[in-house]
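Hi,

Here is the structure I said I would pass on. Have a look at it first, and then read my notes below.

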Amino acid sequence: MIILGIESSCDETAAAIVTSRKEILANEIFSQLNEHSPFGGVVPEVGARAHLEQIDAVVKRALSSAHISLSDLDGIAVTTGPGLIGGVIVGTMFAKALAMTTKRPFLAINHLEAHALTARLTSSIEFPFLLLLLSGGHCQFLIVHNVNHYTKIGSTIDDAAGECLDKTGRILGLDYPAGPQIEKLARKGNPKKFILPKPLFNHHGCNFSFSGLKTAARQLISTFSTDDLQTKADFCASLQLTIAEILVNRTAHAIDIAQNISPLLKTLVLAGGVAANQYFRSHLNELTLKKDFEFITPPVALCTDNAAMVAWAGVERLRLNLVNTIDFEPRPRWPLEELKGDL
Ligand code: KG4
Ligand code: ZN
């Protein structure tokens with residue numbers, strides 16, 4: 001089975017070709033960073049226009065680098081939400097046109113499900129597993145029972161971890177997205193230099209809260225000059241350590257909760273853009289060793305937004321005959337737990 005995947009829900013226009021044998025035949029990404037950087041964040045209208053300009057060329061590049069033609073495809077998968085609706089509409093309309101003209105199945109992919117299933121493209125992990133999904137806008141624990149079947153057991157009650165990193169980074173004078181730069185600067189810093197709050201630490205359950213940390217970070221940053229590179233690095237290291245400790249504490253609770261619900265569960269999967277962070281990966285890996293859990297996280301390039309994950313979700317769904325009709329409407333909001341009711 002050969003699937004074309006298209007991703008345009010945020011600031012990357014991407015197309016990939018993936019097979020049911022877990023081969024990534026092409027994985028093309030056009031990043032809109034240059035378009036958005038003058039504004040210090042993603043501007044939805046600018047993004048939608050750039051997706052429209054790029055999508056045709058990006059899909060053509062994916063087909064030609066995989067050395068296949070449209071007639072070789074078994075299905076067309078596209079992110080139909082959640083995300084910035086202008087971009088999602090561009091990708092969805094393009095994919096629908098391709099599906100209609102090639103008479104191939106149309107696969108409406110939830111972006112979060114694409115992140116969630118990526119670990120199955122890059123490893124042999126079976127269901128069920130516990131997922132910690134950390135992206136720019138999402139921060140949640142889910143039990144992944146199967147394709148199309150998720151139970152949320154905890155989430156942020158305010159900001160996502162990625163949002164906290166990006167917004168704090170902006171105050172530090174870093175470009176969007178700040179996560180990777182904070183990770184880089186933190187390598188040269190002293191993580192014990194600044195003490196930051198850890199909201200909900202040790203609290204019952206496995207919810208997160210990051211808005212208090214963001215506010216405290218803003219106040220602390222106002223006490224030093226962001227031109228002082230060593231202090232900036234110390235601050236990044238302290239912020240990263242604080243978030244890592246929060247993630248470990250909440251995940252320890254989530255593992256206990258998930259095992260109560262699903263005793264067979266023995267694997268933690270970390271996914272989403274923030275999962276690219278090596279420091280968070282190694283802290284969570286240590287926790288899973290203590291908990292006698294397996295730890296799986298996709299390679300960095302498949303953690304941040306890409307279309308291979310969308311194509312792979314298409315493979316998983318087509319295998320189960322979870323095909324959508326062409327009138328499927330794009331959704332700006334689309335919680336994973338609602339997937340089951342969609343077919
Ligand atoms: O999944 P993703 O690429 O896009 C969304 O679906 O939101 O996630 C983007 C988020 C941003 O907040 C970005 O700062 C963060 O992932 N991120 C990182 C790293 N790479 C990306 N955060 C920390 N360390 C990184 N290396
Ligand atoms: Zn994402």
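Let's start with one pair of residues: isoleucine 143 has threonine 151 as its bridge partner in β8. Strands here, like helices, are DSSP runs numbered from the N terminus (strands E, at least two residues; helices H or I, at least four). Before going on, note that this is a predicted model, in which local features need pLDDT of at least 70 and side-chain atom pairs count only at pLDDT 80 or more, while totals for chains, interfaces and linings use all residues. Residues are numbered from 1 along each chain as its sequence is written, chains are lettered from A and ligands numbered from 1 in the order in which they are written, and side-chain values use heavy atoms, with hydrogens and water left out.

Back to β8: six bridges join it to strand β7 (residues 139-146), and the two run antiparallel. Both belong to an open sheet of five strands, ordered β8-β7-β6-β9-β10, with mixed pairing (two strands pair if DSSP finds at least two bridges between them). β8 (149-155) and β10 (294-296) are the edge strands, each pairing on one side only. From one strand to the next, the twist averages 25 degrees. Helix α9 (residues 278-290) packs on this sheet and touches β6 (129-134), β9 (267-271) and β10, its direction making about 160 degrees with that of β10. Such angles run from 0 to 180 degrees between N-to-C directions, with axes fitted to C-alpha atoms, for helices over the stretch in contact.

Now to strand β5 (residues 106-110), where five of five residues are buried (under 20% relative accessible area, with a 1.4 Å probe and protein chains only). Phe106, Ala108 and Asn110 point one way, and Leu107 and Ile109 the other. Five bridges join β5 to strand β4 (residues 75-81), and these two run parallel; isoleucine 76 has phenylalanine 106 as its bridge partner in β5.

Finally, the cores. The largest nonpolar core has 62 residues, and among those with the most contacts inside it are Leu4, Ile17 and Leu73. A nonpolar core is a set of buried Ala, Val, Leu, Ile, Met, Phe, Trp, Tyr and Cys residues joined through side-chain atoms within 4.5 Å. Helix α11 (residues 308-319) gives the largest share of this core, eight residues. A second, separate core of 52 residues includes Ala161, Phe210, Ile221 and Leu284.

Cheers

Terms used. Buried means under 20% relative accessible area, exposed over 50%, partly exposed in between (1.4 Å probe, protein chains only). Contact means heavy atoms within 4.5 Å.
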